[in-house]
Structure formats: C-alpha cells, structure tokens
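Dear colleague,

Please find below the structure that I am handing over to you.

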Amino acid sequence: MIKDKVAEVKDTMARACKIAGRNSSEVSLIAVSKTKPVSMLLEAYEAGCRDFGENKVQELTDKYSQLPDDIRWHMIGHLQRNKVKYIVGKVFLIHSVDSLKLAEEISREAVKKKVTVNILVEINVAEEESKFGISCGEASALVEKIALLPGICVKGLMTIAPYVENAEENRQYFVKLRQLCVDIKNKNIDNVSMDILSMGMTGDYAVAVEEGATYVRVGTGIFGDRNYEM
C-alpha cells in the first residue's frame, strides 16, 4: 500500500531529524512519480503527499492537467532549453539548473509569462562523469551570474549522490553540499536565499536528512520499482 510506504518514509525522516536535533517540519518529502500512472499519484496524494517530482517535461505536463491544483510540482530531471517554455508557470521549483544558458532561457520565459521561477543549482558533488551538474568549484560564480537575471530566484542547491549499497558512503557528499550552501549564503548575494538543500533519495535519504536536507526525493521507497519501458 502506497499509504503505508508514505507513512514509513515520513517516520524514517522524523527519526533522522531527531538524531540530528532538527525539527521534522524543516524537511519535506518529494514523491518522485516518474513513469508512474496518475492512479498511483492519487494514492500518494490521499496519503498526504503534496510535492511530486518528475524527470521529464512531457510527463509532468500530462499529469499536471489531471491532478489537484494544490500539488507542488518539482522538475528534478535534466531540463533541455527547448522544453523550458512548457513548465514555466506550472512548476513550484526547478531543481536541475546546471548552466547559465539554461537559466537565461528560464528567465526569458519567466519575464514573458510575468512570473518568478524558483530554481536550485545542480551540483555534481561526487564529480561522476555520468551525472549532470556543475562542480563545487564552479557553483559560486554561476549562482552570482544567475542572480542577476530577471524572473528567477535562486533558492538553494541540489545534488544526486552516487548509487551505493551503504548510505553512509554518501554522507561525505551531503556534508560537502551543505557546507557549499553555507559558504554561498554567507556571501549575501542579492536574489539568492540558499534556504533549500535538495539531496537524498530512496537509498540514502535518512543520512541526507541528518546532514541538512530540506527536500528528499523518494520514488522507489513509495511507488516501488520504476517501469523504464515508458
């Protein structure tokens, strides 16, 4: 039952908050619903989920039109510049901004539609060749450039940690991202808040919460294995 899985994940998050001396209200769960049918999303919605994450623009826009208006949609997958126009004005947060060119395209669409788009800068903390995102060393300069663009607000950072059997192996990357977030926040850049740390997935979200995550992205832990044939 999806309801039971959601409860289980939230319990684990609460325990991780207690270990870290955090208030559980500081951390939000994003139900990663990529490849899953609307019926399953509705089950998660009925279980209390209001934040849903999608990897593909087409899938997000299809589900957006079929589900309740109070859902906060998160674009967590790699975003191509030619797809930006389809989600600006629909998404609550774009997690995967990894270049100035992409940010400029988001800015253009935001100005055109007279909205402000909240974004996170994606950091490839582990420097995996197979992953998108910029290096920790490039982050501050990119944030400063994006902050000058109209229609965009930089809310924080996101990372996708390596797939590991032992979640403890990823703690180092979560610590590093949190420190990077603090360092950038201390620069007091206009239009940059650095209040959001999006990190941790099904296999390691408890460790991520212990290290400061404010959003965790859980798919398999709620919906079961994904169908990659879609």
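In helix α2 (residues 38-46), the buried residues are V38, M40, L41, A44 and Y45; buried means under 20% relative accessible area, computed with a 1.4 Å probe on protein chains only. Because they cover an arc of only 160° around the axis, they lie on the same side of α2; the arc is that of the directions from the helix axis to the C-beta atoms. Helices (H or I, at least four residues) and strands (E, at least two) are DSSP runs, numbered from the N terminus. Among the elements covering these buried residues are α1, β2 (51-54), α3, β3 (72-75) and α9 (220-223). Just after α2, G48 has a positive phi of about 110°.

This is a predicted model, in which local features need pLDDT of at least 70 and side-chain atom pairs count only at pLDDT 80 or more, while totals for chains, interfaces and linings use all residues. Residues are numbered from 1 along each chain as its sequence is written, and side-chain values use heavy atoms, with hydrogens and water left out.

**Residue E59**

E59 belongs to helix α3 (residues 57-64). Is E59 buried or exposed? With a relative accessible area of 14%, E59 is buried. Its side chain reaches the backbone nitrogen of T35 at 2.5 Å. Apart from neighbours within four places in sequence, E59 is in contact (heavy atoms within 4.5 Å) with S33, K34, T35, K36 and E54.

A colleague

Note on methods. Buried means under 20% relative accessible area, exposed over 50%, partly exposed in between (1.4 Å probe, protein chains only). A polar contact is a pair of N or O atoms within 3.5 Å; within protein, one must be able to donate a hydrogen and the other to accept it, and residues adjacent in sequence count only if both atoms are side-chain atoms.
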